[in-house]
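Here are my notes on this model. Please read them with the structure open.

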Amino acid sequence: MEFEPKLVGFLCNWCSYTGADLAGTARISYAPNLRAIRVMCSGRIDPTFIIKALYEGADGVLIAGCHPGDCHYQEGNYKALRRYKLLKRILPEYGVEPERVHLEWVAASEGEKFAKVVNEFTDKIKKLGPLNMKQSIFDSMKEDIVVHESAGEEKGGEADEA
Amino acid sequence: MKRIEIDPITRLEGHGKITIFLNDEGDVENAFLQIPELRGFEKFVEGLPIEEVSRVVPRICGV
Amino acid sequence: MKLKVGIYWGAACGGCDVAILDTHEKLLDIAAKMDIYLWPIALDFKYDDVKKMEDGYLDAAIYSGAIRNSENEEIAILLRKKSKVMIALGACAHLGGIPGLANFYTRDEMLKRIYIDSESTINEEGVIPLESWNVKEGELDLPRFYNTVKTLDQVVDVEYYIPGCPPVPLQIYSALSLIWDDMLPPVGSVIGAGDKALCESCPRVKEEKTISEFKRIQQVLPDPEKCFLEQGLVCLGAATRSGCGARCIKSGVPCRGCYGPLDDVPDLGIKMLSAIASVLEPKEEKEIDDVLDTIVDPLRTFHRFSMPASILRRKKE
Amino acid sequence: MPERVGVYICHCGSNIAGKIDIEKLAGFAEKLDNVALVRDYKFMCSDPGQNLIQSDLEAGLIDRVVVASCSPLMHENTFRKVCERSGVNPYLFTMTNIREQCSWVHIDEASSTEKAMDLLAASVRRAVYLEPLEKREVAINPRTLVIGGGIAGIQAALDLAEAGKEVVLVEREPSIGGHMAKFDKTFPTLDCAACILTPRMVQIGQHANIHLMSYAEVEEINGYVGNFNIKVRQKARYVDADLCNGCGMCWEKCPGTRVPRKGNVHEKLSLGPTSSIYMPFMQAIPAIPVIDRESCLYFQKGKCRICEQVCERNAINYDMEDSFEEFEVGNIIIATGFQPFDPSVIKRYGYGTLPNVLTSVEFEIMNCASGSTGGKILKADGTEPKSIGIVHCVGSRDKHYHEYCSRVCCMYALKFAHLIKEKTDAEVYNFYIDLRCFGKGYEEFYDRLLGEDVRFIRGKVGEISRWVAEEDEKDQLIVRVEDTLVGAVRRIPLDMVVLCTALEKQDGLDRVAKMCSVSVGKDGFIIEKHPKLGPVSTATDGVFIVGVAQSPKDIPDTVAQASAASSAVLSMITREKIEIEAATAEIIEEKCSGCRICNNLCPYLAINFDEEKKVSIINEALCKGCGTCVAACPSNAITAKHFNDKQIFAEIEGLLSAR
């Protein structure tokens with residue numbers, strides 16, 4: 001079966017979420033892989049959310065906000081852009097392809113663009129393949145176990161606190 | 001052959017254990033000092049900004 | 001009745017133990033309140049002594065150091081069993097600490113660098129430590145060197161955390177006094193530290209922040225009165241728990257986050273990333289890139305002490 | 001007791017049920033943690049649908065509500081009201097969008113249903129962490145600030161004043177009236193601008209409810225809807241307004257020259273006196289002169305003081321300084337108008353270098369009966385032109401300058417053509433791209449002009465030059481233009497060319513926007529709350545925009561907007577109180593370290609630093625709940641109500657929880 005990526009989207013209420021709604025109103029069909037979380041402004045998006053989404057199993061994360069200069073809250077999108085740019089820089093150090101996190105400006109009138117962005121992002125992540133972040137972390141510890149067991153009962157290396 | 005383990009060795013900085021083998025006469029046949037401690041500063045200081053190295057390597061030994 | 005306490009170190013440097021000793025005359029108070037049943041650096045107890053204890057015999061186990069190898073984990077499990085309360089002492093047990101920087105590499109990369117590529121080692125056969133080794137007298141074994149460094153609470157349940165690299169001696173004393181005064185806060189609490197970020201106790205003047213360039217400490221003569229971050233020096237104080245007394249700051253170097261994150265912050269490094277990126281000056285992509293270019297080694301700076309305790313824990317293989 | 005979530009799945013007829021397996025979705029929802037009951041219904045938004053929720057809430061079966069239906073932008077309010085009616089805090093409700101962002105956009109039923117399940121799981125987890133929020137109200141100060149005294153501000157101020165409400169009208173120039181005061185006639189009715197404007201200006205000056213501050217600028221705006229604190233700088237006129245009776249002796253005797261007295265007709269163009277102490281134009285309100293420091297002999301050279309000597313009322317005061325006035329208002333109307341585009345940047349049109357190339361504003365002044373030419377259309381040398389070209393879209397509809405259409409140029413160009421025909425024997429050429437005559441009576445006006453022997457050439461003028469070829473062209477301007485209807489490049493010698501310059505954002509509009517915490521768009525104009533449904537409101541409650549501050553428009557539209565804004569303000573004032581955003585950010589003082597990272601992130605200046613406590617504090621009345629500070633706070637001392645970290649983490653986990 002073809003790999004169907006799980007994508008999480010963080011959409012700002014005023015532009016991108018409205019744009020996504022418009023794609024619906026206009027019945028523009030697009031890939032079903034993205035699940036959106038609505039926030040009031042792209043400035044609300046804490047990079048921790050993105051890391052968390054990657055950890056919990058997202059293969060990619062899309063951030064969408066108002067075009068520069070059009071932010072409903074004036075400048076929230078610039079803050080989103082800066083955080084995104086710094087986050088992208090560190091992703092390789094986590095062994096994560098930076099393309100897995102993507103930012104786009106989608107206006108309330110850009111239903112078609114929203115659909116296109118989701119399609120393109122889905123394709124891109126399909127090509128990259130699954131991320132499996134959480135699993136890979138625990139896999140990395142599979143061999144990290146007490147081997148000689150001279151003390152106490154054996155406790156597996158897998159300590160999933162989650 | 002008798003085996004004596006001193007685990008851990010104490011009152012010093014670092015982790016270690018000593019394994020001593022005694023022969024039937026009760027004399028030391030062989031003894032091994034094992035140092036199980038390794039943290040790998042050699043590797044993870046690589047590529048650190050130089051000004052940060054001096055803040056990392058003191059953690060090799062804090063005693 | 002005196003409390004029965006075990007003190008142990010995993011992948012540590014001994015700095016936490018020395019910090020206990022650095023309580024100076026308070027050490028006498030500690031000795032008056034506690035009997036110590038294990039403390040490898042200072043007293044001669046063996047693992048066997050601990051194994052012989054009944055479960056829950058100790059009132060508290062104080063564990064410093066990260067979980068770097070199987071011995072660290074083994075003793076953590078043993079002490080957990082033998083004691084009523086488990087306390088993580090210091091940044092390594094709390095967050096993974098400096099040894100946690102190894103989580104940017106794999107076990108094999110580490111061992112290769114240390115034993116094979118090391119400039120000062122002659123190892124033509126490429127031998128790396130074995131976990132067991134048969135000598136003619138019998139079998140010897142060494143603990144397993146882990147692929148991923150863990151925090152103490154990733155291998156056993158931990159009731160309390162005393163943060164810091166090293167923890168401030170007086171803070172250790174006051175944290176321990178919570179035990180004998182029976183005033184321990186809810187399980188999971190950080191004790192012997194503040195509830196706010198370090199900025200609270202930082203003597204430097206803080207103003208509104210707009211950063212247009214980051215600098216390295218050797219490139220500038222920082223204004224001793226002014227917030228480091230405002231001078232373009234990456235300082236993690238704003239995201240780091242207070243309690244250290246701003247000792248680095250007062251010595252003229254910015255904070256690197258050894259006291260760990262505040263309550264409800266799941267990832268100190270990423271949160272600091274967010275804070276720093278938020279206060280950059282430029283808006284245009286190109287200019288943002290130019291500013292970001294001036295941050296050297298961002299992730300290992302933001303996660304200097306906390307990589308194993310962060311959400312993603314390590315670099316993906 | 002753990003939270004009990006009620007899940008309501010809407011079929012939306014076949015809009016949702018046609019693409020999503022409702023039974024499967026409901027079955028999935030039942031197994032989710034904390035879900036107490038699951039119901040589905042044909043139309044949740046209908047009365048029976050709403051009653052389902054209401055009866056479950058009232059029966060105490062659930063304490064959280066999740067409705068999986070359309071977009072929250074559609075019906076969030078509907079269901080919040082259901083909660084309210086049922087005595088449950090409306091913020092304990094959340095919505096799952098399985099229509100706009102699911103059933104309507106995906107082809108495959110299986111994947112639509114899967115996605116709906118993920119979205120619903122996220123909402124249910126979010127619902128568990130929802131917290132009740134308090135509605136907040138603030139009182140509205142009935143006084144209003146109107147910034148700008150052009151026709152827009154005049155109309156808005158009069159509407160409000162007539163309704164018995166106090167208005168402070170702040171005008172930057174020495175007199176109100178704005179651009180309209182410079183016009184002779186207005187299109188398409190050709191009524192005399194002064195005749196319709198002047199009475200309103202006089203009314204402003206005399207109205208008991210209007211405090212007019214001319215020659216003044218707003219310096220600072222703080223506060224929030226209903227409670228803005230305003231600081232206005234009253235610039236020094238050097239004439240005591242209380243003493244001056246506007247007799248005119250000072251400007252008659254003044255030896256200084258604000259506008260050159262020598263030079264050609266065009267260089268001397270002016271509406272009011274050309275002296276250094278002057279009235280901007282004769283109908284100015286207030287009718288008090290002002291001294292232009294730059295050209296005043298006393299200010300520049302230290303001696304003269306003639307105006308002081310001739311003033312019988314001793315109204316001249318050279319020591320006058322700028323003063324400040326502070327007051328409170330409840331609402332603000334921005335009516336700052338426009339400034340004309342400076343065409344000298346378009347080098348090929350030769351404005352500023354070629355004689356007889358005028359801007360539309362200069363041409364208006366020349367046409368104005370009270371102006372320096374007495375309303376006569378004259379060439380620079382004082383003779384009457386025999387041919388005049390009118391170039392449309394100078395700076396408008398042009399990617400190099402402004403992409404937008406300035407909306408008024410076509411019509412005033414036609415007006416110019418008419419005035420020229422009325423006053424001179426000149427031939428008139430209109431060079432246009434498209435003629436946009438869309439208003440009431442506009443097309444008819446165009447029709448009328450077609451009968452007045454005005455020539456229309458469809459094409460953008462390529463160049464205006466002095467490349468004369470023949471002797472009789474020697475004082476003329478040569479216009480080269482592609483006549484796109486004929487398909488040929490034409491070369492037309494003309495005596496005079498009028499450039500119909502674009503309407504640009506007023507100088508300083510960005511500053512006003514920033515003070516009012518409203519955004520400006522790419523075009524420089526202030527962004528309205530909604531382009532269709534909120535054209536005079538802004539994203540900041542209590543701040544309204546009228547006229548060209550919003551976008552270029554003509555006088556009728558401006559006046560209509562002004563009345564719309566004043567009615568919106570009246571509606572606010574009459575309510576006396578206004579509910580403000582409940583989902584704001586809050587700083588937990590016990591957690592704030594005073595790092596001040598958040599301090600200048602707030603676009604609404606809602607965050608202040610308490611120097612005594614050394615913590616940052618949020619003025620919740622100013623906070624709009626964007627959450628930027630929350631994401632930035634490195635110690636999570638700030639929480640975003642209704643969008644807090646726990647809620648969003650729960651959503652993320654829900655979305656990605658394996659089915």
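Which residues of chains A and D are linked in a network of salt bridges? Lys52(A), Glu56(A), Lys134(A), Arg125(D) and Glu653(D) are. A salt bridge here is a side-chain nitrogen of Lys or Arg within 4 Å of a carboxyl oxygen of Asp or Glu.

1. Basis. This is a predicted model: local features need pLDDT of at least 70, side-chain atom pairs count only at pLDDT 80 or more, and totals for chains, interfaces and linings use all residues. Residues are numbered from 1 along each chain as its sequence is written, chains are lettered from A and ligands numbered from 1 in written order, and side-chain values use heavy atoms, without hydrogens or water.

2. Chain B sheet. Strand 1 (residues 2-6) of chain B runs antiparallel to strand 2 of chain B, joined by 5 bridges. Strand 2 also pairs with strand 3 (residues 28-34) of chain B, again antiparallel, over 6 bridges. Strands are DSSP runs of E, at least two residues, and helices are runs of H or I, at least four, both numbered from the N terminus. Pairing requires at least two DSSP bridges. Ile18(B) stands opposite Ile6(B) and has Leu33(B) as its bridge partner in strand 3.

3. Burial of strand 2. In strand 2 (residues 17-22) of chain B, 5 of the 6 residues are buried, so the strand is largely enclosed by the rest of the structure. Buried means under 20% relative accessible area, exposed over 50%, partly exposed in between (1.4 Å probe, protein chains only).

4. Interface of chains C and B. Contact (heavy atoms within 4.5 Å) involves 53 residues of chain C and 43 residues of chain B. The buried area is about 4,000 Å², with 59% from carbon and sulfur atoms. That area is the accessible area (1.4 Å probe) lost on putting the two parts together, summed over both. Cys13(C), Glu137(C) and Leu140(C) supply 15% of what chain C buries against chain B, more than any other three residues.

5. Charges across it. The rule finds 6 salt bridges between chain C and chain B. One joins Arg216(C) to Glu51(B) at 2.8 Å, N to O. Another joins Arg11(B) to Asp44(C), with the closest N and O atoms 3.0 Å apart. Asp44(C) is partly exposed, at 39% relative accessible area.

6. Within chain C. Arg80(C) and Glu159(C) form a salt bridge at 2.9 Å between the closest N and O atoms. The two residues are 79 apart in the chain. Arg80(C) is buried at 18%, and Glu159(C) is buried at 15%.
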